[in-house]
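Reader: I am new to this structure and would like a close look at a single part of it. Please keep the answer plain and define the terms as you go.

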Amino acid sequence: MSYTVILFEDAEQEIEEEAYAYSLKFTSGAEDFLNAVLETLDHISVYPHTGKRRSSIDEGVRGFQVKIRSSRKQYAKRFPFELIFKVFEAKKEVVVFQLWPVRSNLPINNPPN
């Protein structure tokens, strides 16, 4: 049974911004990036628990209060980004709340409760 994937508005905007940035760099950059993100979202919907659990180091450094096991991350194939998400078992939903550049020190936004 697959889970419903919900994108926070901020995550959707970040994906659109990165797609635009890749369109400026490569002819098929936006399409390749969006396909990689969609493949990752499809994978998460079927296998939501295969994403890596967030580490305690991430928890402290980025300053948000979430139980270590409550949020997960999954790399977008071929691109230096992770989708940060939380699984809601009771509703069979996966909420993606941020596209996070792997090669960055940007803060991860607060996930949903």
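How many residues does helix 1 have, and how far does helix 1 reach from its first C-alpha to its last?

Author: This is a predicted model, in which local features need pLDDT of at least 70 and side-chain atom pairs count only at pLDDT 80 or more, while totals for chains, interfaces and linings use all residues. Residues are numbered from 1 along each chain as its sequence is written, and side-chain values use heavy atoms, with hydrogens and water left out.

Helix 1 covers residues 9-25, which is 17 residues, and spans 25 Å from its first C-alpha to its last. That is close to the expected 24 Å at 1.5 Å a residue; the expected span is 1.5 Å times one less than the number of residues in the helix. Helices (H or I, at least four residues) and strands (E, at least two) are DSSP runs, numbered from the N terminus.

The setting comes next. The protein chain has three helices and five strands, and along the sequence they follow the pattern β-α-α-β-α-β-β-β. Of the 113 residues in the protein chain, 45% are buried. Buried means under 20% relative accessible area, exposed means over 50%, and partly exposed lies in between, with a 1.4 Å probe and protein chains only.

In helix 1, the buried residues are Ala11, Glu14, Ile15, Ala19 and Tyr22. They cover an arc of only 135° around the axis, so they lie on the same side of helix 1. The arc is taken from the directions that run from the helix axis to the C-beta atoms. Glu9, Tyr20 and Leu24 are exposed on the other side of helix 1.

The buried residues of helix 1 pack against strand 1 (4-7), helix 2, strand 4 and strand 5 (93-101). Contact here means heavy atoms within 4.5 Å.

For the pairing with helix 2, the two axes come within 6 Å and cross at roughly 145°. Axes are lines fitted to C-alpha atoms, for helices over the stretch in contact, and angles run from 0 to 180 degrees between N-to-C directions. Helix 1 contributes Ile15, Glu18, Ala19, Tyr22 and Ser23 to the contact, and helix 2 contributes Gly29, Ala30, Phe33, Leu34 and Val37. By class, seven of the residues in this contact are nonpolar, two are polar and one is charged. Ala, Val, Leu, Ile, Met, Phe, Trp, Tyr, Cys and Pro count as nonpolar, Asp, Glu, Lys and Arg as charged, and the others, Gly among them, as polar.

Glu39 forms one with Lys77, and their closest N and O atoms are 3.8 Å apart. This pair links distant parts of the chain, 38 residues apart: Glu39 is in helix 2 (residues 29-46), and Lys77 is in the loop between strand 3 (72-75) and strand 4 (81-88). Glu39 is partly exposed at 34% relative accessibility, and Lys77 is partly exposed at 45%.

By this rule there are three salt bridges. Another joins Lys73 and Glu82, with the closest N and O atoms 3.9 Å apart; both Lys73 and Glu82 are buried.

Terms used:
Salt bridge = Lys/Arg side-chain N within 4 Å of Asp/Glu carboxyl O.
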